[in-house]
Amino acid sequence: MYDVNKQFSLEGKVALVTGAAYGIGFAIAEALAAAGAKIAFNCRGQHHMDEAIKAYAEKGIEAHGYIADVTKEEDINMLIESIEKELGTIDILVNNAGIIKRIPMIEMEASDFRQVIDIDLVAPFMMAKAVIPGMIKKGHGKIINICSMMSELGRETVSAYAAAKGGLKMLTRNICSEYGEYNIQCNGIGPGYIATPQTAPLREPQADGSRHPFDQFIIAKTPAARWGEAEDLMGPAVFLASDASNFVNGHVLYVDGGILAYIGKQP
Ligand code: NAP
Ligand code: GCO
């Protein structure tokens, strides 16, 4: 009989989730821990780190936190070295760290565009480059890139973010193509609109107490008629991190309440 518990178990695995002090990364790390993985995560500031360690502990998770900026290759090399020394070779990498800048394209400085590309696309490349040799040696590995609906669609003011997340979808496919023969699976998760600090400005209630126009827009465009929660991404992350997905490679799994499939409700 199919041993579903074994197939979805992450017992004995080492998982690194980047940018997992809060938000989607925190929820994904919590899910991987619940499936048995040892958790390593990074962020840039000690304050977020201290708060995160406490928050993980409150959930019974002994998370190993490291201060590292994913745009700095020296930080990444130190991060991987520290994790391998303390926990062992990384079996699962979740490239979650990311930012967005919402600026009309023709008003956006090239430096702002580059910063988004650096964090949302170049950093996942550098992170994957750093962990793949260990995964090849070990004979298996899982890389999960946190993409976006903007891997498929554009919208006003998010040119850099859409370019980065579109590129991240193709980087996902290329890692699959280049390293699939080493039993490394690289897939993406494409969250829809999720209620986290990153989207807080889009949900800010209006002065008269009414919902933000963008909030109303997303509700009308989403068949589930709600924003996603970080918790909605936990199950898909465990699936893509586990043996249950060993023949799934190069895909982006959209966890979006159906928004990408739906033309939207008539106003
Ligand atoms: P968030 O709440 O803003 O959290 C972003 C995380 O990334 C923070 O922990 C932040 O840590 C970390 N980070 C940013 N730049 C970093 C850097 N240079 N080095 C290390 N860590 C860095 O965002 P979120 O909503 O959880 O989003 C997480 C991921 O999901 C992002 O890739 C985002 O693009 C993607 N996503 C979000 C949504 C959504 O609706 N929320 C939808 C689709 C995709 P510190 O700032 O503390 O260092
Ligand atoms: C925006 C939002 C989106 C979400 C997400 C959708 O400004 O449109 O921030 O980009 O974060 O990426 O999948």
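1. A pocket, as the word is used in this note, is an open set of grid points with protein on both sides within 12 Å along at least five of seven lines, and its lining residues have an atom within 4 Å of a point. In this predicted model, the largest pocket is lined by 40 residues. Those nearest its centre are N96, A97, G98, I99 and Q198. The space in this pocket comes to about 830 Å³.

2. Which elements give two or more residues to the lining of the largest pocket? They are α2, β2 and α6. The greatest contribution is that of α2, which gives three residues. Sorted by class, the lining consists of 21 nonpolar, 14 polar and five charged residues.

3. The largest pocket is the space taken by ligand 1. Around this ligand stand 29 residues, and R44, H48, N96, Y161 and T196 come nearest. At least two residues of the ligand 1 shell are supplied by each of α2 (23-34), β2 (38-43) and α6 (159-179). The shell is made up of 16 nonpolar, 10 polar and three charged residues.

4. Several polar contacts of ligand 1 may be inspected one by one. K165 places a polar side-chain atom 2.9 Å from an oxygen atom of ligand 1. At V70 the backbone takes part: one of its N or O atoms lies 3.0 Å from a nitrogen atom of the ligand. A polar backbone atom of G192 is 3.4 Å from an oxygen atom of ligand 1. Taken alone, ligand 1 exposes 880 Å², and the protein buries 95% of that area.

5. Where does ligand 2 sit? Ligand 2 sits in the largest pocket, the space of which is taken by ligand 1. Its surroundings comprise 14 residues, with R102, S148, R155, Y161 and Y193 the closest. Y161 is also among the residues that come nearest to ligand 1. By class, the shell of ligand 2 divides into eight nonpolar, four polar and two charged residues.

6. The contacts of ligand 2 listed here involve its oxygen atoms. A polar side-chain atom of S148 lies 2.6 Å from an oxygen atom of ligand 2. The backbone of M149 has an N or O atom 2.9 Å from an oxygen atom of this ligand. For G192, a backbone N or O atom is found 3.3 Å from an oxygen atom of ligand 2, and G192 also has a polar backbone atom 3.4 Å from an oxygen atom of ligand 1. What share of the area of ligand 2 does the protein bury? Taken alone, ligand 2 exposes 330 Å², of which 97% is buried by the protein.

7. The second largest pocket holds about 180 Å³ of space. Its lining has 14 residues, and L153, G154, R155, F217 and K221 lie nearest its centre.

8. How many cavities of 30 Å³ or more does a search of the whole structure find? The search finds one. The largest cavity has a volume of about 40 Å³. Its lining is formed by T18, V70, N95, N96, A97, I119, A123, P124 and M127. Helix α5 (residues 110-138) gives the most to this lining, with four residues. Six of the lining residues are nonpolar and three are polar, while none is charged.

Key. Residues are numbered from 1 along each chain as its sequence is written. Chains are lettered from A and ligands numbered from 1 in the order in which they are written. This is a predicted model: local features need pLDDT of at least 70, side-chain atom pairs count only at pLDDT 80 or more; totals for chains, interfaces and linings use all residues. Side-chain values use heavy atoms; hydrogens and water are left out. A residue is near a molecule or strand if one of its heavy atoms lies within 4 Å of it. A polar contact is a pair of N or O atoms within 3.5 Å; within protein, one must be able to donate a hydrogen and the other to accept it, and residues adjacent in sequence count only if both atoms are side-chain atoms. Accessible areas come from the Shrake-Rupley method with a 1.4 Å probe; for residues, only the protein chains shown count as cover. On a 1 Å grid over the protein atoms alone, a cavity is a set of points where a 1.4 Å probe fits but cannot get out, and a pocket is an open set with protein on both sides within 12 Å along at least five of seven lines; lining residues have an atom within 4 Å of a point. A molecule sits in a cavity or pocket if more than half of its atoms lie within 2 Å of its grid points. Ala, Val, Leu, Ile, Met, Phe, Trp, Tyr, Cys and Pro count as nonpolar, Asp, Glu, Lys and Arg as charged, and the others, Gly among them, as polar. Grid points are joined across faces, edges and corners, and a volume is the space filled by probe spheres set on the points.
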